[in-house]
Amino acid sequence: MPELPEVEALALDLRGRLKGRAIATVQLAQFSALKTFDPPLSALDGTVVDDVTRHGKFLDVEASGLHVLVHLARGGWVRWREELPALPPKPSPKSTLAARIVLAPEVADERQGLDLTEAGTKKSLAIHVVRDPREVERVASLGPEPLAPEFTQDVLASILRTEGRKQLKGVLRHQGTIAGIGNAYSDEILWAAKMSPYKPANSLDEAELTRLYTALRSTLTDAVTRSEGLAASELKGEKKSNLAVHGRAGQPCPACGDTVREVSFADSSLQYCPTCQTGGKPLADRRLSRLLK
Ligand SMILES: [Zn+2]
């Protein structure tokens, strides 16, 4: 799933391509992807893109006072198309296309635009067309942006106090608590901070707090810096090749060489290094131990 650094880079890339361009029309291929009905999708026809920004993991294409907010979910992506087909897409459950933004041509016969795609059978890519981003509940309820200058170590300390005994992993990736961090970067941040994903939020001493804050800021800043200037098509590979533990179960930890372990849940999994993060002890994997009984 694209998280803060990838969505930030996507917004930057799309801003360069879309700003000042008129939208000819938006074609919906996956009807369930559109979550709003007023204003209708057709209200975007003829609007001009003013900006492309990000709120947490949401992309925001702002056009003539309207906002197209896109949550890419797990398998969603954006693909810039130099030459779109002349015919509108046929809705099909087999197609990965969710929606297509067709730009008005700047030269004759030009058909540039954007495809919003989603891989996998579980379709959860969400498109909202609104007049104000805060009309979308999941945007209105977002926690602070972790790379904003206001997000100081004191802000993190107060969040962790409020979250009490909740586990760090869950606190970091909860969008209403901190915006933009998901399953991958929460693994990476905890690895960089040398902390167990299960550590209770309010159990950090001052030195640990500093370590977590530094890990959070540097992990995200580094990922944003690496992603800047990359096109949408290059971002996924970039992310994957720079992760230390996330998605790397069974491989050696880049810091200590121990084997990266995994804990599986119903619909996700986390990865960590026992030597770096849990005093050498593997975390209990409840699903696995149940299977082994
Ligand atoms: Zn390690």
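This is a predicted model: local features need pLDDT of at least 70, side-chain atom pairs count only at pLDDT 80 or more; totals for chains, interfaces and linings use all residues.
Local features require pLDDT of at least 70 and side-chain atom pairs pLDDT 80 or more, whereas totals for chains, interfaces and linings use all residues. Residues are numbered from 1 along each chain as its sequence is written, and side-chain values use heavy atoms, with hydrogens and water left out.

**Pockets and cavity**

Grid points are joined across faces, edges and corners, and a volume is the space filled by probe spheres set on the points. In the classes used below, Ala, Val, Leu, Ile, Met, Phe, Trp, Tyr, Cys and Pro are nonpolar, Asp, Glu, Lys and Arg are charged, and the others, Gly among them, are polar.

| Space | Volume | Lining by class |
|---|---|---|
| Largest pocket | about 790 Å³ | seven nonpolar, 10 polar, 12 charged residues |
| Second largest pocket | about 450 Å³ | six nonpolar, 10 polar, five charged residues |
| Largest cavity | about 30 Å³ | seven nonpolar, no polar, no charged residues |

The largest pocket has a volume of about 790 Å³. Its lining comprises 29 residues, and Met1, Pro2, Arg74, Lys239 and His246 are the closest to its centre. At least two lining residues come from each of strand S5 (76–81), helix H5 (183–192) and helix H7 (232–242); H7 gives the most, with three. Helices (H or I, at least four residues) and strands (E, at least two) are DSSP runs, numbered from the N terminus.

Around the second largest pocket there are 21 lining residues, with Lys57, Gly170, Arg173, His174 and Gln175 nearest its centre. Helix H4 (168–173) and strand S10 (269–272) are the elements that give two or more residues to this lining, and H4 gives the most, with three.

One cavity of 30 Å³ or more is present in the structure. Val26, Leu44, Val68, Ala99, Ile101, Leu116 and Ile127 line the largest cavity.

**Helix H5**

In H5, nine of the 10 residues are buried (under 20% relative accessible area; exposed is over 50% and partly exposed in between, with a 1.4 Å probe and protein chains only). The buried residues include Asn183, Tyr185, Asp187, Glu188 and Trp191. Among the elements that cover them are helix H1 (4–18), H4, H6, H7, S10 and helix H8 (274–277), where contact means heavy atoms within 4.5 Å.

**Aromatic pair and cysteines**

The whole structure contains one aromatic pair (ring centres of Phe, Tyr and Trp, the last by its six-membered ring, within 6.5 Å; planes under 30 degrees apart are stacked, over 60 edge-to-face and the rest tilted). Phenylalanine 151 and tyrosine 213 are stacked, at 6.4 Å centre to centre and 10° between the planes. They link distant parts of the chain, 62 residues apart: phenylalanine 151 lies in the loop between helix H2 (137–140) and helix H3 (153–163), and tyrosine 213 in helix H6 (residues 206–227). Phenylalanine 151 is buried at 1% relative accessibility, and tyrosine 213 is buried at 14%.

The count of disulfides is zero, a disulfide being a pair of cysteine sulfur atoms within 2.5 Å. Cysteine 256 is partly exposed at 38% relative accessible area, whereas cysteine 276 is buried at 12%.

Technical notes: On a 1 Å grid over the protein atoms alone, a cavity is a set of points where a 1.4 Å probe fits but cannot get out, and a pocket is an open set with protein on both sides within 12 Å along at least five of seven lines; lining residues have an atom within 4 Å of a point.
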